[in-house]
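Could you show me around this protein, one selection at a time? I have the viewer open and would like to know what to click on next.

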Amino acid sequence: MQCVTCYGRGCNQCDDGYVMLTSCARQQVSDEAWDMFSWVRQYLENNVLPEDGNGLAQTQSFVDALNVVSREWRQWEAKHE
């Protein structure tokens with residue numbers, strides 16, 4: 001799997017940009033991360049933001065998650081068209 005720290009460029013968290021999964025990836029993800037993924041999905045599918053207001057009212061962690069998930073989603077869609 002491509003390293004989510006360096007996005008495949010190579011870092012001290014991976015082996016030349018990739019990490020090997022030896023168990024179910026879902027078990028590696030915290031409940032907090034799944035909650036954030038749920039909020040990102042709500043935004044992408046329904047334009048519902050977790051905080052009242054516009055994009056500037058959102059937490060940095062939400063904005064970061066939105067950027068990561070959106071990029072991964074576009075890459076997945078491009079591979080499966």
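Start by selecting E45 and R41, whose side chains meet in a salt bridge with 3.0 Å from N to O. Keep in mind as you go that this model is predicted. The structure holds one salt bridge, so you have just found it, given that a salt bridge needs a Lys or Arg nitrogen within 4 Å of an Asp or Glu carboxyl oxygen. Now show helix α1, residues 31–46: E45 and R41 are four residues apart in it, which means about one helical turn separates them. R41 is partly exposed, at a relative accessible area of 47%.

Next come the aromatic rings, which make three aromatic pairs. Select Y43 and F62: their ring centres are 6.4 Å apart and their planes stand at 90°, so this pair is edge-to-face. Y43 belongs to helix α1 and F62 to helix α2 (residues 60–79), so the pair ties together parts 19 residues apart in sequence. Are the two residues buried or exposed? Y43 is partly exposed at 27% relative accessibility, whereas F62 is buried at 2%.

Move on to W73 and W76, a tilted aromatic pair with 6.2 Å from centre to centre and 35° between the planes. These two are three residues apart in helix α2, so about one helical turn lies between them. W73 counts as partly exposed, with 44% relative accessibility.

Finish with two charges over rings. Select R26 and W34: the charged end of R26 sits over the ring of W34, 4.3 Å from its centre. Then select R71 and Y7, where R71 lies over the face of Y7 at 3.8 Å from the ring centre.

Technical notes: Residues are numbered from 1 along each chain as its sequence is written. This is a predicted model: local features need pLDDT of at least 70, side-chain atom pairs count only at pLDDT 80 or more; totals for chains, interfaces and linings use all residues. Side-chain values use heavy atoms; hydrogens and water are left out. Buried means under 20% relative accessible area, exposed over 50%, partly exposed in between (1.4 Å probe, protein chains only). Rings of Phe, Tyr and Trp (its six-membered ring) pair if their centres lie within 6.5 Å; planes under 30 degrees apart count as stacked, over 60 as edge-to-face and the rest as tilted. A charge sits over a ring if NZ of Lys or CZ of Arg is within 6 Å of the ring centre and within 35 degrees of the ring normal.
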